[in-house]
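Please look over the sequence and the model shown below before reading on.

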Amino acid sequence: MDAVVSAQTLRAFAPAPHARPVAETRLLVVRVASREVHEAPRSTLAELFDERDVLVVNDAATLPASIFGETERGEPFELRLLALPDASRAADAVVLGAGDYRTPTERRAPPPALREGDWLIVSDLEATVVASRGARRVRIRFERQVDDVIASLYRAGRSVQYAHVRAPLALWDVQNVYASEPWAAEMPSAGRPIDFATLDALRKRGVTVARVTHGAGLSSIGDAALDASLPWVERYRVPIETERALRGARRVVAVGTSVVRALESSAMKFGEVRAEESTTNLRIDARHTLRAVRGLLTGMHDATTSHRDLLGAFAPEALLEEASAWAASRGFLGHEFGDSCLIIPS
Amino acid sequence: MELRGKSALITGGSRGLGAALGDVLAKRGARVVLVARDRGPLERVVAKIRAEGGEAHALAFDVGDRESAHRIAGGASALVGDVDVLVQNASTLGPLPMPFLLDTACEDFSATLETNVTGPLRIDKIVGGSMALRKRGVIVHVSSDAAVSGYPRWGSYGVSKAALDQLARVLGAELTDHGVRVFSVDPGEMDTQMHADAMPEADRATLARPERVAEKIVAMIERADSIAPGARLVAPEWTPS
């Protein structure tokens, strides 16, 4: 009995309790063909690749997605924006009840009921609910012109906060070094171990680093039914340089599950990855046959999460189990500021 | 760099050289985001560019504030997409009238460095990494001859501009193989509010018009591939090769 309990405990990765410096990130390497599991220093990540490899990162910057407001009736709520407002000043968002990140989302008060036409105050902005999809999903339109809306959201909004991270997070804590357009509701955290020194080392080795921009959504909402339906439809963009870089590559390694979703969605549509801007609701698991991607750099994922399911497309379950147990027993950490796992064919 | 359709982020954009750079870049077809603390003057510059058919946006933030860097870079990318040109033009003279170094409070000295050096570095860090991934981009640091001369009373400002030049030199070396061009420009003495604040007794007739200097700096950006990484260019002496 004890053995069963400890095996289950071992497979849950303790969350990193703060935004750790990138240099502290540990790297687990899983080689599928040889069934080899070992640890490598993060600073040597580039040495695992050569000029025939292409790494694809998600260059979406993280939004100031979390912003507080109240209804006309004075009921407080937190909005989590899934994207910044578009040119029509409208944005999709999830509504949470009163309280903040110190309370885990599943224990937060239910949100006020928002209906189409409701008038809201969001920070110093006025907004109207233009569509309501169930109790927690809304589309809202901000008043004022778009420059003011963007500036105001950046002034008042914060990145999504996590109950397991003690100190409040600033936007500085949740951006990758190469991030550009703010499309991600939460940090595409698989890219954290890639600092500029890694980009520079990859360049010197002749490894191509290509990009997609993928609007990664929320990792959890705190509502069991909605959480089970994640990930939702997310938008992505593949630039023409990436289409070209992927042609003739020996190994394409995705940095993050969002990149896998984008590249596989494109490859399923066209037979190969093509430049496009589109959306995807693809869910990937062990039944998925990979068409574009051969390797994955990701975080340490607990069993029963959709991220962990996705790993099944890259390696047999038994190997993933073995790797998880190996890493958990050596104190690898999970969640946004945790350690990294590279799964490569050989 | 061909500027049509490119995105440009300019700090210190509400007046003087920054406003003129916004105007010239927009006339070349760039999508421009201007940053400054004071919203009113900034919005007037943006309105003028739009009235002339250009695309411009205003973000009222203070480059000296740590939290502003992501607000500026993220807000700009949200408005105009990936930033292709970054002009670090905002700066402060520090307390006026400008004191001798022996009379300068070290807290004021630090505050000047915060706005003129650390603030630009923060934005370079955000925008430069994205440019390196995309393998294109131009970063310009606006300097001053006070960076290389020992003018009495220009101590805090001069030190900050010397440091800004050195940031451009090292960043230029680090990013050149990633396809990103970085250089600094001494615009020379211009007829601006900042010049009047520093030297109220100057004869304005002897000073260059910021619009003319902006034309020259934009020409440098267009020829960035031919400029040595981290070079320090002096606008009055520079001619397109």
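## Cis peptide bonds

In chain B, Pro97(B) is located in the loop that runs between β4 (85-88) and α4 (106-134). The peptide bond leading from Leu96(B) into Pro97(B) is cis, and its omega is near -10 degrees. Most residues other than glycine have a negative phi, and most peptide bonds are trans.

Chain A also contains a cis peptide bond, from Leu230(A) to Pro231(A), with omega near -10 degrees. Pro231(A) belongs to the loop between α4 (224-228) and β13 (234-238) of chain A.

## Confidence of the model

The model is predicted. For chain B the average pLDDT is 97, and 100% of the residues score at least 70. For the complex, the predictor reports an ipTM of 0.95 and a pTM of 0.95.

## Helix α2 of chain B

Helix α2 of chain B covers residues 39-51, which is 13 residues. At 1.5 Å a residue the helix should span 18 Å, and this agrees with the 18 Å between its end C-alpha atoms. Just after α2(B), Gly53(B) adopts a positive phi of about 95 degrees.

Which residues of α2(B) are buried? They are Leu42(B), Val45(B), Val46(B) and Ile49(B). Viewed down the axis of α2(B), the buried residues fall within an arc of 95 degrees, so they line one face of the helix. An α-helix has 3.6 residues a turn, so residues three or four places apart point the same way. The cover over the buried residues of α2(B) includes α1 (16-27), β2 (31-36) and β3 (55-60) of chain B. On the other side of α2(B), the residues Gly40(B), Ala47(B) and Ala51(B) are exposed.

## Domains of chain A

Chain A is divided into domain 1 (2-62 + 168-344) and domain 2 (66-156). The centres of the two domains of chain A, taken over C-alpha atoms, are separated by 29 Å.

To the contact between these domains, domain 1 of chain A contributes 11 residues and domain 2 of chain A contributes 12 residues. The side of domain 1 that touches domain 2 is made up of 6 nonpolar, 4 polar and 1 charged residues.

## Contact between the chains

How many residues does the contact take from chain A and from chain B? Chain A supplies 23 residues and chain B supplies 20 residues. On the side of chain A that touches chain B, α2 (146-156), α3 (196-204) and β12 (208-214) of chain A each provide at least two residues.

The largest share of that side, 5 residues, comes from α2(A). By class, the side of chain A that touches chain B holds 15 nonpolar, 2 polar and 6 charged residues.

## Positive phi angles in chain A

Arg144(A) is not a glycine, although its phi is positive, at about 75 degrees. This residue lies in the loop between β10 (137-142) and α2 of chain A. Arg144(A) counts as partly exposed because it has 14 C-beta neighbours inside 10 Å.

His335(A), also not a glycine, has a positive phi of about 65 degrees. The loop that holds His335(A) runs between α8 (317-329) and β17 (340-344) of chain A. Is His335(A) buried or exposed? His335(A) is buried, because 20 other C-beta atoms lie within 10 Å.

Technical notes:
Residues numbered from 1 in each chain as written. Chains lettered and ligands numbered in written order. Predicted model: local features only at pLDDT ≥ 70, side-chain atom pairs only at ≥ 80, totals over all residues. pLDDT = per-residue confidence, 0-100. Contact = placed C-beta atoms within 7 Å. Helix = DSSP H or I, 4+ residues; strand = E, 2+ residues; numbered from the N terminus. Nonpolar A, V, L, I, M, F, W, Y, C, P; charged D, E, K, R; others polar. Expected span 1.5 Å × (residues − 1). Buried ≥ 20, exposed ≤ 12 C-beta atoms within 10 Å, placed from the backbone. Arc of directions from axis to C-beta. Domains from an automatic or database assignment.
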